[in-house]
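Trainee: Can we go through this one together? I have the display open.
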Amino acid sequence: MTPPPAGSLLVATDLRKAYGPTTALDGAGFSIHPGEVVAVMGPSGSGKSTLLHCLAGIVPPDSGSITYNGREMATMNDAQRSALRRSDFGFVFQFGQLVPELTCVENVALPLRLNGTSRKEAERTALSWMARLEVDDLARKRPGEVSGGQGQRVAVSRALVTGPRVLFADEPTGALDSLNGERVMELLTEAARSTNAAVVLVTHEARVAAYSDREIVVRDGKSRDMERVI
Ligand SMILES: Nc1ncnc2c1ncn2[C@@H]1O[C@H](COP(=O)(O)OP(=O)(O)OP(=O)(O)O)[C@@H](O)[C@H]1O
Ligand SMILES: [Mg+2]
């Protein structure tokens, strides 16, 4: 990897992580600017999800450095890291991971409720995000009553409702057909750009990566910038 450019929001250098005998990360690097969408590509098992989990402060690397806003993550304790995740990061996974007992609007409002926002205020903000993701008409349905693509757009609304500086998305369209996948990506990137949130987008699919500003490839736990051929 080339050295991270000045002004990067999240920078990782020389990350190493092993699970027993399995090397998941073997000197991987990463950097992202505010508002930038970076696609992380590479074959299955290459270390993409491990890289995302390390960057998000969910999994500690064995060695290497991760700085967010100039602050070294390893110097934070667990409580500080989870506070950072709540305040500054949003997450979308392959399967929306919505709470099945709650309605869609309650799911989207949940991060705000957990931060102490009143129900009325939280649901108002939730509905405005759902409108941007074109799922506000599903507000009172439960996740089991909506389609996969709709559920992912609800999950994206939930990830953005707190105004995160970084949105981490691990195969957000992996369970969708290409048409639904493209609509989710269009709305996700549009919403992220409108708030200047950076997006770390893990994907197998070139057509999903095409929504990014820059692509990196992870192979055998090592990362490199990919030249985009236009
Ligand atoms: N919790 C874990 N325990 C043991 N091994 C793990 C764990 N998480 C990941 N690994 C191993 O680390 C390597 C990298 O896994 P990772 O999930 O990061 O790959 P990936 O690129 O996201 O793959 P995929 O595209 O299939 O999601 C793999 O060999 C995997 O089996
Ligand atoms: Mg993965």
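Mentor: Start with α3 and α5: they are roughly parallel to each other, because an angle under 35 degrees counts as that. This is a predicted model, where local features need pLDDT of at least 70, side-chain atom pairs count only at pLDDT 80 or more, and totals for chains, interfaces and linings use all residues. Residues are numbered from 1 along each chain as written, chains are lettered from A and ligands numbered from 1 in written order, and side-chain values use heavy atoms, without hydrogens or water.

Trainee: At what angle do α3 and α5 pack, and how far apart are the axes?
Mentor: About 25°, with the axes of α3 (residues 104-114) and α5 (residues 148-160) 7 Å apart. Axes are lines fitted to C-alpha atoms over the stretch in contact, and angles run from 0 to 180 degrees between N-to-C directions. Helices are DSSP runs (H or I, at least four residues) numbered from the N terminus.

Trainee: Which residues make the contact?
Mentor: Cys104, Asn107, Val108 and Pro111 of α3 meet Val154, Ser157 and Arg158 of α5, contact meaning heavy atoms within 4.5 Å.

Trainee: And how do α3 and α4 cross?
Mentor: At roughly 120°, with the axes of α3 and α4 (residues 119-132) coming within 8 Å.

Trainee: Switching topic, what surrounds ligand 1?
Mentor: Tyr19, Lys48, Thr50 and His204 are among the residues around ligand 1, each with a heavy atom within 4 Å of it.

Trainee: Where does serine 49 come in?
Mentor: A polar side-chain atom of serine 49 is 2.9 Å from an oxygen atom of ligand 1. For glycine 47, a polar backbone atom lies 3.0 Å from a ligand 1 oxygen.

Key
Helix = DSSP H or I, 4+ residues; strand = E, 2+ residues; numbered from the N terminus. Parallel < 35°, antiparallel > 145°, perpendicular 65-115°, else oblique. Polar contact = N/O pair within 3.5 Å; in protein donor to acceptor, adjacent residues only side chain to side chain.
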